[in-house]
Amino acid sequence: MSNATSPGVTTPVDGGRQQESRIAIKAKAYVALTKPRVIELLLVTALPTMFLAAGGVPPLGALTATLIGGFLSAGSANAFNMILDRDIDRVMHRTQQRPLVTGTLSVTEARVFAWTLAVVSTVVLALFATWLAAALSVAAIAFYVLIYTMLLKRRTEQNIVWGGIAGCFPVVIGWAGVTGTLDWPAWILFTLVFLWTPAHYWPLSMKYRNDYEAAHVPMLGVVRGKHMVGIQVILYAWASLACTLLLIPVGGMGLLYSGVAIIAGAWFVGEAHGLYSRAIQGVAELRPMRVFHASNTYLTLVFLAVGVDPLLPF
C-alpha cells in the first residue's frame with residue numbers, strides 16, 4: 001500500500017510539526033517580551049557587585065537566587081513596558097517586530113506573563129536571598145513601569161535621566177541579596193549606572209531620531225540639536241569617570257580596579273568628545289552608535305574589575 005497523501009491533506013506528523021512550530025514561536029515571543037539583551041546588561045552590573053559585597057566569592061545560594069530573581073524581575077518590568085508602549089512600538093521601525101505588535105502574543109497573555117514573573121521573582125528573592133532584595137526588586141518594577149513608562153517617557157526630554165534609575169536597581173539588589181544591607185559602595189555603583197545611562201542612551205536617540213519623532217517621544221536627540229546632545233553626553237561621561245574614582249577610597253579598591261577605571265574612563269570620555277567634535281564640525285556621519293557601543297564596553301569593563309578586584313591580594 002502507498003503511504004502517499006493527496007495534495008493539501010495534513011498528516012498527523014505534519015500536524016505535530018506545526019504544533020511544535022507554534023509552541024516554539026510562542027516561546028520565542030515570551031523570551032522577546034523580557035528584552036533579554038537589556039537584562040544581560042543588568043546582570044553584568046549585579047553579579048560583580050555581589051563579589052564586592054562579599055569581599056570575595058559570595059555564597060552560592062544567595063548568588064543563584066539573586067541572579068534568578070533579578071532576571072525574572074527585570075523580565076517582568078520589560079514585559080509591562082511592552083504592554084504599555086505597544087502603540088509606540090507599532091510606529092518605530094526598530095520595534096515593529098515585537099510580539100505585541102506582530103500579534104504573536106495577545107495583551108492578556110503578556111499581562112499574565114508579566115504578573116507571573118513579578119510574583120515569582122519576589123518570592124524567589126524573599127525566600128532564598130533577602131527580604132531587602134525582594135523589596136528593592138518590587139520597587140524597581142514599580143519605578144520602571146509607573147514612573148518611567150507611564151509618567152516620564154512621553155512627557156519630558158529628561159525621561160531617560162530619571163527613568164534610568166530603574167536600571168540602577170540591579171546593583172543594590174545584588175548587594176542586598178548578599179549582605180541584607182546597603183552600604184556606601186553599593187550607592188556609589190548605583191550612582192555610576194545613573195550617570196552612565198544618559199551618556200549611553202542619548203547617542204541611541206540620535207541614531208533613531210526619526211523613529212522617536214514619529215512616535216512623539218521627546219528624547220533629547222529629538223527636541224535638542226546635535227551640539228546640545230553631544231555636550232550632555234560629554235558631561236555625563238565625565239561624571240561617570242569621577243564616580244568610578246570615588247569608589248577607590250570608599251570601597252577600598254585595589255590596583256586592578258583603579259587602573260581599569262582610569263583607562264576605560266578616559267577612553268569613554270574620549271569617545272564622547274569625538275561625538276561632540278563631529279557634531280560641531282558638521283560631519284555628515286556622526287556615528288553616535290560608536291559611543292553607544294563604547295558605553296556598553298566601558299560599563300562591562302568597570303564592573304568586571306569590580307568583581308575581580310576583591311579576589312586579588314593587591
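Author: What follows starts with helix α14 and then moves out to the rest of the chain. The model is a predicted one.

Start with S258. This residue sits in helix α14, which runs over residues 255-280. Is S258 buried or exposed? Its relative accessible area is 14%, and the limit for buried is under 20%, so S258 counts as buried. The S258 side chain has a partner in the backbone. It reaches the backbone oxygen of G254 at 2.7 Å. Which residues does S258 touch, once neighbours within four places in sequence are set aside? The list holds I248 and M253.

Now take V260. Helix α14 holds this residue too. V260 has a relative accessible area of 21%, so it is classed as partly exposed. The band for that class lies between 20% and 50%, which is why 21% falls inside it. Beyond its neighbours within four places in sequence, V260 is in contact with G265, L301, V302 and A305. Helix α15 covers residues 288-308. V260 and A126 lie 134 residues apart in sequence, and their C-alpha atoms are 35 Å apart in space.

R287 lies in the loop between α14 and α15. R287 is not a glycine, yet its phi is positive, at about 55°. Most residues other than glycine have a negative phi. R287 has 43% relative accessibility, so it counts as partly exposed.

K35 has a relative accessible area of 12%, so it is buried.

Back to the packing. The largest nonpolar core has 91 residues. Which residues have the most contacts inside this core? They are L33, F169, L189, W202, V233, L247 and Y257. Helix α10, residues 184-207, gives the core its largest share, with 14 residues. V233 shows how the contacts run. Not counting residues up to four places away in sequence, V233 touches A199, W202, P203, A272, L275 and V291.

D85 lies in the loop between α3 (60-84) and α4 (86-91). How accessible is D85? Its relative accessibility is 0%, so D85 counts as buried. The D85 side chain has a polar contact of 3.2 Å with the side chain of R154. Leaving out residues up to four places away in sequence, D85 touches T149, K153 and R154.

Finally, the whole chain. The secondary structure comes to 15 helices and 0 strands. The C-alpha trace spans about 80 × 55 × 40 Å along its principal axes. The chain has 314 residues, and 49% of them are buried. Consider contacts between residues at least 6 apart in sequence. Of these, 74% join residues at least 24 apart. The accessible surface is about 14800 Å², and carbon and sulfur atoms hold 67% of this area. The chain carries 21 positive and 14 negative charges, and their mean positions are 5 Å apart.

Definitions and conventions
Residues numbered from 1 in each chain as written. Predicted model: local features only at pLDDT ≥ 70, side-chain atom pairs only at ≥ 80, totals over all residues. Heavy atoms only, no water. Helix = DSSP H or I, 4+ residues; strand = E, 2+ residues; numbered from the N terminus. Buried < 20%, exposed > 50% of the residue type's maximum accessible area, 1.4 Å probe, protein only. Polar contact = N/O pair within 3.5 Å; in protein donor to acceptor, adjacent residues only side chain to side chain. Contact = heavy atoms within 4.5 Å. Areas by Shrake-Rupley, 256 points an atom, 1.4 Å probe, with all protein chains shown as cover. Lys, Arg positive; Asp, Glu negative; His and termini not counted. Charge placed at Lys NZ, Arg CZ, Asp CG, Glu CD. Core = buried A, V, L, I, M, F, W, Y, C linked by side-chain atoms within 4.5 Å.
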